[in-house]
Amino acid sequence: MSEPAGASIANVMQETRVFPPPAEFSASSPIGSMEAYQALYDRAKADPEAFWAEYARNELHWFTPFTQTLDWKPPFAKWFVGGKTNASYNCLDRHLNGPNRHKAAIIWEGEPGDERTLTYLQLHREVCKFANVLKGQGIKEGDVVSIYMPLVPELAIAMLACARIGAVHSVIFGGFSAEAIADRNNDAKSKLIITADGGWRRGKLLPLKETVDTALAKSPTVEKCIVFQRVGSKPPMTPGRDLWWHELMEQASAECEATPLDSEAPLFILYTSGSTGKPKGIRHTTAGYNLYVKKTFEWVFEPRPEDVYWCTADCGWITGHSYVVYGPLSSGTTVMMYEGAPNWPAEDRFWAIVEKHRVNILYTAPTAIRSFIKWGDHHVDKHDLSSLRLLGTVGEGINPEAWIWYHRKIGGERCPIVDTWWQTETGGIMMSPLPGATPTKPGSCTKPLPGVFPIILDAQRNPVTTPNQGGWLCIEKPWPGMLRGIWGDDDRYIEQYWSRAPGMYLTGDNARVDDDGYYWIMGRIDDVINVAGHRLSTIEIESALVSHPQVAEAAAVGKPDEVKGQAVTVFVTLKEGEPTPDTKESLKQHVRKEIGALAAPDDIHFAAALPKTRSGKIMRRLLRDIAAGKETVQDTSTLEDYSVLAKLRGDEE
Ligand code: WT7
C-alpha cells in the first residue's frame, strides 16, 4: 500500500438524492426508525462486550457456556472464551424441533433448469451422512478439507459437514485454475478435496474433476478426492484416491452428533488475493463468526418466516459463506440458490427465477447490475417482479446511476436498497442501511452496524473530523466476525492490517463521512489518483462517467505525468454501439460538468469489456500498467478472462 501524499483525498462527488424507508416497511420493522437504530448503536457503544455477550447467549446453542466474552491481545482476539458450540448445529439442529423443521432450507435451480428443494430436516440428514463419510475417510477435528464444486446443494452440505465434525473447509471458487487449487491445497495442507464430475456454465461443461487431477499432481498433502456426480461425465478415477460421493453416501449412517467445538476452533479458511504475491488464507473461527453473520443477516435483511431470500454469490466467496450458508441458515431462512450464469439461456434468467420462485429479497453485485443495464430493460419487462421487497448490493461501490436503475427497474420504487460494505476479512457486513430505519443515498453504504466502530485517519494518522474529507478507513475495536489471522502467517497478518494505524484494523479502503454522518467508500488506498497534488477517488470519477447516457461501465486509473504527477486515464464500456469521433469529447465534457476540470480524463480507451477478478471487481492495477504502456509483471492469476487484457493492449492508441 502506498503511503498517502501530503493532501488528503478530495471529495468531488455531489450526490444529494435521499430515499426515506417506505412507511409500511418501517411499520413492521424490528428497527423501524433512526432513533431505534441510534439507541441500539449507543447501547453497543456503551459496553460492546456486554452487548455481544447477550446476543451470543441467546442466539447460539452452547454445549458449554463461555466464561469470558473477549480476550483481546492486539491484534489477536478471542471471543466467547471457554464456550463450546457448533456452526452446523446452529444452522440445522436448532430448527428441528420447531416450525422450521419441514420448511425449505434450500431451493436450488440448476443452470439447465433442473430443481431441488431441501427442507431443514432433509438438509440435516444429508449433512449428517456426509459428515460420517468424511469421518470414514479419516478426517478429524482440525484437518483441512478443500472444496472445489459448482453451486449445487452439495457444496453447502460439504461445508456444513466439515463444520459438524470440526474439519476446516477451504472453498476454492469453481472457476479457479489447477495452479490456484494446488497453491491453496499446499498452503493449507489439505488432506482431502471434494469436487464434482463437472458443472454447467453458459451451457458449457466445466471439467472440474480434470482440473483437480492436474492440481493433485502438485498437492502432496491431499490423500483423497470425493467426486459428486453432477453432469454425468465420466472423468478418470484414480483407484485408491478417488471416490464417488453417491457410493459413499449409500453406506453412510444418518446419525452424527455435532461435535462440541471450542469457540475459537477454526471454521474455515478462505483465500483472497493480496495486491501482490501469494494469496492470503483468511482464517475465521466458530462462535464469533457464526454470531456475527446471524445477527448482521437479521439486522440488514429483516427476513420474514415466509420469505424466499436470494443472494446470488457463489459459495466460493465470503458472501456465499456468510450470506448463502451460515447467516441465513442460522436464522432459519429459505435460501434460493442458482447454479449458473445470469445470461443463460437468455439475459432474463435472474428475473425468470425471481418470478418463478417469488423471491422476496435479492442480494447481488454492482457488476451484475451494470450488466443488466447494458443488456437492456426489455429483459426485465418480461417478468413480474412484484414479489421483491428488499434489494441489496455488495462487492464494490455502486455508481449512483446504477443504484437508481436498480431502485426503479428492479425494485419498482418500493424496495429499500441496502448497500452493504464489508470484506472477506470482516466476516460479515460492517456498514449498511437498515431497511426500515435508514434513509438511503445512492452510492453510500450509510452507517455502521451496532458494535462496529469505524474511524477515518488523515495522512498524519489523526482522526478526520471535517465532513467529506477522505482518508483511511479503519475500525477501532474488535468485533466477533473479524478474521483471526492469515493461515500460518501471523507476521503478514500484523504487517497487512495492524501496523500502519497502530491499535486499529486497517481496511485498505478510503472513505469519507458526509454532513449527515453517512459513509462513502472512495476505493482502495492503492487506487487513488493524484493529479497535481489533488488526490481523487476512482469511484467518484467512474460514477460520473456511468451517469453519461452512453456508458455502461468505467474504470479510472492514474498514468504517470511529468507535469501533474498523474493524469487521469479511463477505460469505458459503452452500453451499445461504437464510439463516434465525438464520444470522447462528450465524455470529457460530462466529467468536467459533473466533477470539474481537474478530474476530466486525459486519455479515454474504449473496450468491449474490462479486466475483472472472478468475483467481478475491476482490476485497476492491470489497467494502470496498460495506461502507462508497461508490461504487466503483476499477478494475473485471479483475472477472469485473459483475452480482455490482450484486447485492451491491442486497442491502445
Ligand atoms: C472490498 C472487499 C464484501 C464481500 C465481498 C467482497 C469493496 C465491498 C463494498 C461496498 C464499496 C465495497 C471494498 C472492500 N467493497 N463492498 N458496498 N461499497 N466498496 O469481499 O473481495 O474481500 O472485497 O470490496 O473495497 O474493501 P472482498
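The questions and answers below set values from this predicted model against the definitions of the terms used.

Residues are numbered from 1 along each chain as its sequence is written, and side-chain values use heavy atoms, with hydrogens and water left out. Local features need pLDDT of at least 70 and side-chain atom pairs count only at pLDDT 80 or more, while totals for chains, interfaces and linings use all residues.

Q: Why is the pair of Trp 52 and Tyr 55 called tilted?
A: The centres of Trp 52 and Tyr 55 are 6.5 Å apart, and the planes make an angle of 50 degrees.

Q: Where in the fold do Trp 52 and Tyr 55 lie?
A: Both are in helix α3 (residues 48–59), three residues apart, or about one turn of the helix. Helices (H or I, at least four residues) and strands (E, at least two) are DSSP runs, numbered from the N terminus. An α-helix has 3.6 residues a turn, so residues three or four places apart point the same way. Trp 52 and Tyr 55 are both buried.

Q: Which residues make up the aromatic cluster with Trp 72?
A: The cluster consists of Trp 72, Phe 76, Trp 479, Tyr 493, Tyr 497, Trp 498 and Tyr 505.

Q: What makes Lys 441 a charge over the ring of Tyr 518?
A: The criterion is NZ of Lys or CZ of Arg within 6 Å of the ring centre and within 35 degrees of the ring normal. The charged end of Lys 441 sits over the ring of Tyr 518, 4.5 Å from its centre. Arg 184 lies over the face of Phe 176, at 4.6 Å from the ring centre.

Q: Why is helix α19 described as largely enclosed?
A: Seven of the eight residues of α19 (residues 620–627) are buried, so the rest of the structure largely encloses this helix. Buried means under 20% relative accessible area, exposed over 50%, and partly exposed in between (1.4 Å probe, protein chains only). The buried residues include Arg 620, Arg 621 and Asp 625. Gly 629, with a positive phi near 70 degrees, follows α19.

Q: Why is Glu 576 called exposed?
A: Its relative accessibility is 68%, over the 50% limit, so Glu 576 counts as exposed. Glu 576 belongs to the loop between β29 (565–574) and α18 (583–594).

Q: How do you know whether Glu 413 and Ala 532 are exposed or partly exposed?
A: Glu 413 has a relative accessible area of 51%, so it passes the cut-off and is exposed. Ala 532, at 45%, falls in between and therefore counts as partly exposed. Phi is positive in both: near 60 degrees for Glu 413 and about 45 degrees for Ala 532. Glu 413 lies in the loop between α15 (400–410) and β20, and Ala 532 in the loop between β26 (529–531) and β27 (534–536).

Q: How do you know whether Thr 420 is buried or exposed?
A: With a relative accessible area of 3%, under the 20% limit, Thr 420 is buried. Thr 420 is in strand β20. A polar backbone atom of Thr 420 is 2.7 Å from a nitrogen atom of the ligand, and the Thr 420 side chain reaches the backbone oxygen of Thr 393 at 2.8 Å.

Q: What is the omega of the cis peptide bond between Trp 344 and Pro 345?
A: Omega is about -5 degrees there. Another cis peptide bond joins Pro 74 and Pro 75, with omega about 0 degrees.

Notes: Phe/Tyr/Trp six-rings, centres within 6.5 Å; stacked < 30°, edge-to-face > 60°. Polar contact = N/O pair within 3.5 Å; in protein donor to acceptor, adjacent residues only side chain to side chain.
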